[in-house]
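Welcome! Take a moment to look it over, and then we can walk through it together.

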Amino acid sequence: VVPPLGPWGLGLLLGACAWPATARLLHAELARAGSSEWVAAARALGASPTRLAGRHLLPHVAPTLTAS
């Protein structure tokens with residue numbers, strides 16, 4: 001017997017089932033962006049890992065995260 005989930009419960013259930021594909025996609029995007037020249041330049045200029053993630057990598061993968 002499956003209890004009624006309602007719209008929010010159904011959304012959470014679908015999200016829980018779909019997260020591995022999204023995680024795989026984001027991992028590939030971050031790996032590709034992390035090896036780019038502009039990230040290497042930011043590292044050479046002394047950017048911290050937090051700054052790299054917040055100012056360089058996250059804005060680059062945000063459209064992919066939003067679309068998936």
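Which two side chains meet in a salt bridge, and at what N to O distance? They are the side chains of Glu 29 and Arg 32, with 2.9 Å from N to O. Please keep in mind as you read that this is a predicted model.

**The salt bridge in helix α1**
- The count of salt bridges comes to one, and the pair that forms it is Glu 29 with Arg 32.
- Glu 29 and Arg 32 sit about one helical turn from each other, because they are three residues apart in helix α1.
- Glu 29 has a relative accessible area of 17%, so it counts as buried, the cut-off being under 20%.
- As a general point, side chains of opposite charge can pair when their charged atoms come close.

- Helix α1 covers residues 6-34, and His 27 lies within it.
- His 27 counts as exposed because its relative accessibility is 60%, and the cut-off for exposed is over 50%.
- Although 34 residues separate His 27 from Val 61 along the chain, their C-alpha atoms are 9.7 Å apart.
- Leu 14 also has its place in helix α1; with a relative accessible area of 54%, Leu 14 is exposed.

**The loop between α1 and α2**
- Ser 36 can be found in the loop that lies between α1 and α2.
- Is Ser 36 buried or exposed? Its relative accessible area is 16%, so Ser 36 is buried.
- A polar contact of 3.2 Å links the side chain of Ser 36 with the side chain of Trp 38.

**The largest nonpolar core**
- Six residues make up the largest nonpolar core: Ala 33, Val 39, Ala 42, Ala 47, Leu 52 and Leu 57.
- Two elements, α2 (37-44) and α3 (49-67), each give two or more residues to this core.
- For a wider view, nonpolar side chains in soluble globular proteins tend to be buried together.
- Which residues does Ala 42 touch, leaving aside its neighbours within four places in sequence? Ala 42 is in contact with Ala 47, Leu 52 and His 56.

Methods
Residues numbered from 1 in each chain as written. Predicted model: local features only at pLDDT ≥ 70, side-chain atom pairs only at ≥ 80, totals over all residues. Heavy atoms only, no water. Helix = DSSP H or I, 4+ residues; strand = E, 2+ residues; numbered from the N terminus. Buried < 20%, exposed > 50% of the residue type's maximum accessible area, 1.4 Å probe, protein only. Core = buried A, V, L, I, M, F, W, Y, C linked by side-chain atoms within 4.5 Å. Contact = heavy atoms within 4.5 Å. Polar contact = N/O pair within 3.5 Å; in protein donor to acceptor, adjacent residues only side chain to side chain. Salt bridge = Lys/Arg side-chain N within 4 Å of Asp/Glu carboxyl O.
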